[in-house]
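Got your viewer open and a selection tool at hand? Let's walk through a few stops together.

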Amino acid sequence: MTKKIFLFLTLLSALLADSQATYVGEQSCVQCHANEMHAWKGSHHDMAMMLADENSVKADFNNSTFNYNGIISTFYKKDGKFMVQTDGPDGKLHDYEITYTFGIYPLQQYMIKFPDGKVQVLDPTWDSRSKDDGGQRWFHIHPDDNVTAGDPLHWTGPNMNWNYMCADCHSTNLKKNYDAETKAYHTTYDVINVSCEACHGPASKHIAWTKNQELNVTHKGFPVSFKSSKKAWREKSPTLKSFIQKKELNACAKCHSRRSQLDDDYVPGNDFHDHYLPVKLDNGLYFSDGKIDDEVYVYNSFLQSKMYAEGVTCTDCHDAHSLERKGVGDKVCFSCHQSDTYTATSHHKHQEGSAGSSCISCHMPARTYMGVDSRNDHSFRVPRPDISVESKEIPNACNLCHTDKDASWSVDAMKKWYGKVPVGHQNFSHALKSLRNNAPDAPKSLYAVLTSDAPTLAKATVTEYLGNYPSKQTYVTTLQMLRNSDPMVRRSALFALESFPLKMRAKQTFEMLEDPVKVVRTEAARQLMSIPMGDLDETRKKVYEKVLLEYKNTLVFTAERPETQLSIARFYEIEGKVGEAQKAYEEALRLQPQFVPAYINYSHFLQNQGKELEAREILEQGIKVLPEMAILHHTLGLWYVRAKTPQAAEQLLKKAADLNKNNGRFAYVYAVSVGEKSPEKAIKILENAYTMHQGDINIISALAYYYKLTGNAEKSAAYEKKAKSLQNFSVR
């Protein structure tokens, strides 16, 4: 090699190391990776999004019609374009051009582009399944709701917006580019679908490396390498196993999780939690045993599994390029599990070939989403009919098949077979249900999870509840959780810490500004905004300002969302920028008039400004839009309490308690509003609420107080004893 060539290559290597890699498109990959391209072609990733044309559109656009609660949508072609006549944002019929297709099977959706760069996903959807399976038809993805114009779920509404809701996962290197000033999108992508670089990262440096493999670049020019020997990592240290698993899960979790997006700067190889905030096992999303309830995808389910704990990754079961399982049906399981053992009747106790003999049916029970899409739960759990006995709302694998039997029958069968009901790896259902319902044993149940070998995700979920039971003991535990290795546990601990007095949390919260993970740092910054910082030295001040800017940038990124506008309003309010804060509250209501927190927070803001009448009017406006929303009646009732108008307050507080009988706070406040004049009536309200909220310290203390007022010392003493037992709980 001549000196000139050597110097040139050295210079080129340095330039490559310093420069940003760029996206080049999948056509640059096909020459060397023909097999991978062949597997990817026709996959769900390949067809995640396409321009609408004769090749991509699978639905019937031959003047077909679809009737949804009297709204007739007509699908037709005009001048080679695919068109639909359907109800627009004003509720009237309009003609729209279909711009893109979305997905392929078992359903395909269609998208329409608006002049402001906003792209919306139609509610009427094509069932791509065969006629024999009930497909080849139009259907509505919200069949049980009468979704009309103005509803957030209407196809023109915020929850059906492609730019925010869908785009990041269906295209490669997507940049949302929302302009808060013009209220317009300038969304771009490098490749319309989920292409090679969506998972491997920008390939320009890799292409350069292929032309000169002596270049000094890591991972052959890619930001991350997924290459590993599965056999090797199973035999080696847990550290190596965890490292390999994390790389892969970070890439997959970006799209296969229920999460909030903090920015669009993610590049494969980055930490998932630096760009996305996944949900925990939240009520309404997951059943208390951790099984999927709402549409939550698979990431958080997998994190609960024993397979995850053992180091299994997505590509142990799924081909990374075709996305197909690495085996037909249960055969995919036998790459790790001995088929002779688990196909034996002695294991599954069912007739061979029946659903009950299937690994997938029993350990990955499915639920249907978006009307026709059956999705398997990826928490890989043993069937637990005993949980369904305690909590009838929770489905179990046994009774999904044996629909003519109840859960107790299934429990008896399992006891007969195994001598007991196996509990498996996810044994936290009772604890999480107790915490959700504020049951008397909730604090003890919380510690039962924290001190067990429960999945880390379950511990992250219950950690936040520490703040509901403030004591010296829970404070110490909260500080311990702040040092946990998992970022979601640390973030939950920050939420719990916020319930303690300022002097007990300011220092610890400030320390969390230096957490290595963004979702933790920015939560600390959010909390510190409302804490007087005093005199900070220059170093500490720079740390705070840097993370505060990170937090502010996450708000700017999602400024088209009403919930973000509330956070922006609070940001400006704390900074003393009252006018800017008010604009943000108004913007939240403009974006989504049905967004309840906007009415409540805006009303509180106006009260703080001394604008009491305007505060009341905002709440009244909310009730006109959402007359059945209990929290709005409750908040307006409290306004009348402060205005010393007890009769109006009582009526509204009663309305709130009647509308939401499951809310102990509403019942408690309603009881207090009548208690001065009628302790007996307050007792009646509280006793009724107590049946559902036996761990609510406010309800119990109020019962002790009002029974004492009425002269019933025995009842008063009984409730005082219950209150003390809650305050002085033991974790043993």
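Predicted model: local features only at pLDDT ≥ 70, side-chain atom pairs only at ≥ 80, totals over all residues.

Stop 1: Begin by selecting strand 2 (64–68) and strand 5 (93–97), the edge strands, each of which pairs on one side only. They belong to an open sheet of four strands in the order 2-3-4-5, paired antiparallel. On average, neighbouring strands here are turned by 20° against each other, ignoring direction.

**Stop 2: inside the sheet.** Now pick strand 3 (residues 71–78) and strand 4 (residues 81–87), which are joined by five bridges in the antiparallel sense.

**Stop 3: charged pairs.** The structure holds 34 salt bridges. Select aspartate 293 and arginine 367, whose side chains meet at 3.6 Å, N to O. Aspartate 293 sits in the loop between strand 14 (276–278) and helix 9 (299–303), while arginine 367 is in strand 15 (residues 366–369), so this pair ties together parts 74 residues apart in sequence. Aspartate 293 is partly exposed at 21% relative accessible area, and arginine 367 is partly exposed at 30%.

**Stop 4: two helices.** Next, show arginine 521 and glutamate 550: their salt bridge has its closest N and O atoms 2.8 Å apart. Arginine 521 lies in helix 23 (residues 518–528) and glutamate 550 in helix 24 (residues 538–557), 29 residues apart. Are these two buried or exposed? Both arginine 521 and glutamate 550 are buried.

Finish by selecting Arg491, Glu498, Glu523 and Arg526, which salt bridges with shared partners join into one network.

How values were computed: Residues numbered from 1 in each chain as written. Heavy atoms only, no water. Pairing = 2+ DSSP bridges. Axes fitted to C-alpha atoms, helices over the stretch in contact; angles between N-to-C directions. Salt bridge = Lys/Arg side-chain N within 4 Å of Asp/Glu carboxyl O. Buried < 20%, exposed > 50% of the residue type's maximum accessible area, 1.4 Å probe, protein only.
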